[in-house]
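These are my notebook entries on one structure. I begin with how its elements are named and then go through what I looked up.

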Amino acid sequence: MKLVLDHHPILQDVTIWAGPDFGITGTDNTYYIYDRKSGTEKEIPQENITDQLKVYAYKLLCNTGKSLENATIYAYEVYLPSMYMIGGKVSQSDIDHIKTKIVGDVHELQSLVVDGNIKNNIPQHVDHFRRTSDSSKCSMCSMRRACAALKKIDGDHTPNPILDPLAGQMDS
Ligand code: SF4
């Protein structure tokens, strides 16, 4: 579902898609948001509100026109099959944090497109982009085989323990 953002100047024309798995509207303007998770449980304090949950809560406030002065939101990640839950009551500082993060992310995206125009969404020239030297990012990247193959062609000698062994495999 589309997130209708409030009137921050940077967020005009920005669409964020956010869809929690399950929600309950309680009495007295109380809302419950649940998001299913599989895989390894996050090793963070159990009462933490993750950024994903904050986006859902922010979306709920924007789309209902409410604030945390007249609504209460509880948000949880629920791991299956253990039913381990991370989350709790969403605070104003959670909402402020995610708004600041979204604005920062939009700024970063603007730096990657021509004239900062995210509506036109035309990428900067390829020279504008550099491979990361953070191998932890590469280990999760679905482009890493192609990236490793292109590394030699590009003459990119930046050491990267994930990409360099892959580049070797490409030769054989
Ligand atoms: S594999 Fe290449 S494209 Fe992917 S994160 Fe690493 S440097 Fe970036």
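I took helices (H or I, at least four residues) and strands (E, at least two) as DSSP runs, numbered from the N terminus. I numbered residues from 1 along each chain as its sequence is written. The model is predicted, so I note that local features need pLDDT of at least 70, that side-chain atom pairs count only at pLDDT 80 or more, and that totals for chains, interfaces and linings use all residues.

**Entry 1: loops and backbone**

I looked up Asp 28 and placed it in the loop between strand S3 (22–25) and S4. Its phi is near 55°, a positive value in a residue other than glycine. For burial I used C-beta atoms placed from the backbone: a residue is buried if 20 or more other C-beta atoms lie within 10 Å of its own, exposed if 12 or fewer, and partly exposed in between. Asp 28 counts as exposed because it has 7 C-beta neighbours inside 10 Å.

I then turned to Asn 121, in the loop between H2 and H3. Here phi is near 60°, again a positive value in a residue other than glycine. Asn 121 has 10 C-beta neighbours inside 10 Å and therefore counts as exposed.

I also recorded a cis peptide bond between Leu 80 and Pro 81, with omega about 5°. Pro 81 sits in the loop between S5 and strand S6 (85–89).

**Entry 2: the nonpolar core**

I defined a nonpolar core as a set of buried Ala, Val, Leu, Ile, Met, Phe, Trp, Tyr and Cys residues joined through C-beta atoms within 7 Å. The largest one has 17 residues, of which Ile 33, Leu 53, Tyr 56, Ala 57, Ile 73, Ala 75 and Val 90 touch the most other members. At least two residues of this core come from each of strand S4 (30–37), helix H1 (51–64), strand S5 (72–79) and helix H2 (92–110). H1 supplies the largest share, 6 residues.

Which residues does Ala 75 contact, leaving aside its neighbours within four places in sequence? I counted two residues as in contact if their C-beta atoms, placed from the backbone, lie within 7 Å. On that basis Ala 75 contacts Ile 33, Ile 49, Leu 53, Tyr 56, Ala 57, Gly 87 and Val 90.

**Entry 3: Tyr 32**

I found Tyr 32 in strand S4. It is partly exposed, because 16 other C-beta atoms lie within 10 Å. Leaving aside neighbours within four places in sequence, Tyr 32 is in contact with Gly 23, Ile 24, Gly 26 and Tyr 74. The C-alpha atoms of Tyr 32 and Ile 73 are separated by 5.9 Å, although the two residues are 41 residues apart along the chain.

**Entry 4: H1 against H2**

I fitted axes as lines to C-alpha atoms, for helices over the stretch in contact, with angles running from 0 to 180 degrees between N-to-C directions. H1 and H2 pack at about 100°, and their axes are 9 Å apart. H1 is therefore roughly perpendicular to H2; angles under 35 degrees count as roughly parallel, over 145 as roughly antiparallel, 65 to 115 as roughly perpendicular and the rest as oblique. The residues of H1 that meet H2 include Asp 51, Lys 54 and Val 55. Those of H2 include Asp 94, Ile 95 and His 97.

I counted a residue as near a molecule if its C-beta atom, placed from the backbone, lies within 6 Å of it. The residues around the ligand are Arg 131, Thr 132, Lys 137, Cys 138, Cys 141, Met 143, Arg 144, Cys 147 and Leu 163. Helix H3 (135–139) and helix H4 (144–154) are the elements that give two or more residues to this shell.
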